[in-house]
Amino acid sequence: MRGTGEGQVAVAERRQGGTHTALDIEFLPSSGRLLPHVESFYLCHVDRASIDGVERVDLGQWRFFLDGSGHVTFPDGHREATMPVMVNGPGTAHWTYHIDGPFRCFGLSLRGIGWRSLIGRPADQVADRLVDAAELFGPEILEVHDRLRALTTLSDMVAAIEPMLLRRLDSARRIPKAHLAFLRIVREWAASGDPTIEALYDAMESETGMGQRQVQRLCKEYFAGPPNHLRRKFRAIGAAMRIYQGASLDEVMGPFADQPHLINEIKHFTGHTPRALRDGIDPVLAVTLENEKFHFLPDVIPETVDLGGR
């Protein structure tokens, strides 16, 4: 949450039927060789028998369900059961979930480079679905899951998984220089305010010689959609963050055609209307919109980005 120090616990609460549901999330930023690949590690705990929530659109997540299980309902309406260890591909819109708790989850928020080096599948092939991590990493990942279940602190969990992550990096194919340039240019493009698609194409052609088709392909490979969809995500999540943190609709209206457009886009990507962002917000969404250490697409929007232009 805003002002929360690195590694501290962020707590969000909502009132349901006269009772409070406490959500505890602790974040720990990555370091060393993992820094370019993993934005942060987190440990989430909800001490409740039944949890229903909404998850905003985001980049890829790698999650270990240590306690609890349930299902996710994706934007097209199809439902998938959770797995002990799973990878969430980058989403195209918000989705909903139900968990039979108590719930405890250890996870990794992946940067764009980390998606390529640690997961190794084009993002658009796994968008809006859950991938069984055992298919990606083999039986070793289930052994890691068993070890994590016996641990209680986030720092111990990170220490337990780091050796496997580093081995994965050592065996991964080197990321082409043009792809690294693409990710940097997308970051700069996103931070420019209300970016145009043409500006992205021009920057890529000028620096890398890539044409529009190549840029579109890389956007799908890393972010699960074409540049225009990525722009819509930036715009909607940026506006949602500002509204949740106190901005009026008029203050965030600039990049949108009109108020219905603003409302529809925020609802599409967060599952909430602007009014609901301040009244009855899902506690997980609240933490990710308030916490300055947990920006949307962290490899793309740097922590120093000025959200005033969104």
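This is a predicted model: local features need pLDDT of at least 70, side-chain atom pairs count only at pLDDT 80 or more; totals for chains, interfaces and linings use all residues.
**Ground rules**

I number residues from 1 along each chain as its sequence is written, and side-chain values use heavy atoms, with hydrogens and water left out.

**Entry 1: cavities**

Rolling a probe the size of a water molecule over the atoms shows where empty space is left. A cavity here is a set of points, on a 1 Å grid over the protein atoms alone, where a 1.4 Å probe fits but cannot get out. I searched the whole structure and noted three cavities of 30 Å³ or more. The volume of the largest cavity is about 490 Å³, a volume being the space filled by probe spheres set on the points, which are joined across faces, edges and corners.

Which residues lie nearest the centre of the largest cavity? I wrote down Cys44, Glu55, Arg63, Tyr97 and Val284, out of 33 lining residues; a lining residue has an atom within 4 Å of a point. Among the elements that give two or more residues to this lining are β2 (19-29), β5 (61-73), β8 (95-110) and α11 (283-290). Helices (H or I, at least four residues) and strands (E, at least two) are DSSP runs, numbered from the N terminus.

I then sorted the lining into 20 nonpolar, six polar and seven charged residues. Ala, Val, Leu, Ile, Met, Phe, Trp, Tyr, Cys and Pro count as nonpolar, Asp, Glu, Lys and Arg as charged, and the others, Gly among them, as polar.

**Entry 2: salt bridges**

A salt bridge is a side-chain nitrogen of Lys or Arg within 4 Å of a carboxyl oxygen of Asp or Glu. I found eleven in the whole structure.

I looked up Arg184 and found two partners. With Glu188, the closest N and O atoms are 3.3 Å apart; both residues lie in helix α5 (residues 177-190), four residues apart, about one turn of the helix. With Glu207, the closest N and O atoms are 1.9 Å apart. Glu207 lies in helix α6 (residues 197-208) and Arg184 in helix α5, so this pair ties together parts that are 23 residues apart in sequence.

I checked accessibility next (buried is under 20% relative accessible area, exposed over 50%, partly exposed in between, with a 1.4 Å probe and protein chains only). Arg184 is partly exposed at 26%, as are Glu188 at 43% and Glu207 at 45%.

Glu265 and Arg232 meet in a salt bridge of 2.8 Å, N to O. Glu265 is in helix α10 and Arg232 in helix α8 (residues 227-244), so the pair ties together parts that are 33 residues apart in sequence. Glu265 is buried at 8%, whereas Arg232 is partly exposed at 22%.

**Entry 3: Glu39**

I found Glu39 in strand β3. Glu39 is buried but has no salt bridge, and Arg111, the nearest side chain of opposite charge, is 5.1 Å away. Lys and Arg count as positive and Asp and Glu as negative; His and the chain ends are not counted.

The Glu39 side chain does make a polar contact with the side chain of Ser40 at 2.6 Å. A polar contact is a pair of N or O atoms within 3.5 Å; within protein, one must be able to donate a hydrogen and the other to accept it, and residues adjacent in sequence count only if both atoms are side-chain atoms.

Definitions and conventions. On a 1 Å grid over the protein atoms alone, a cavity is a set of points where a 1.4 Å probe fits but cannot get out, and a pocket is an open set with protein on both sides within 12 Å along at least five of seven lines; lining residues have an atom within 4 Å of a point.
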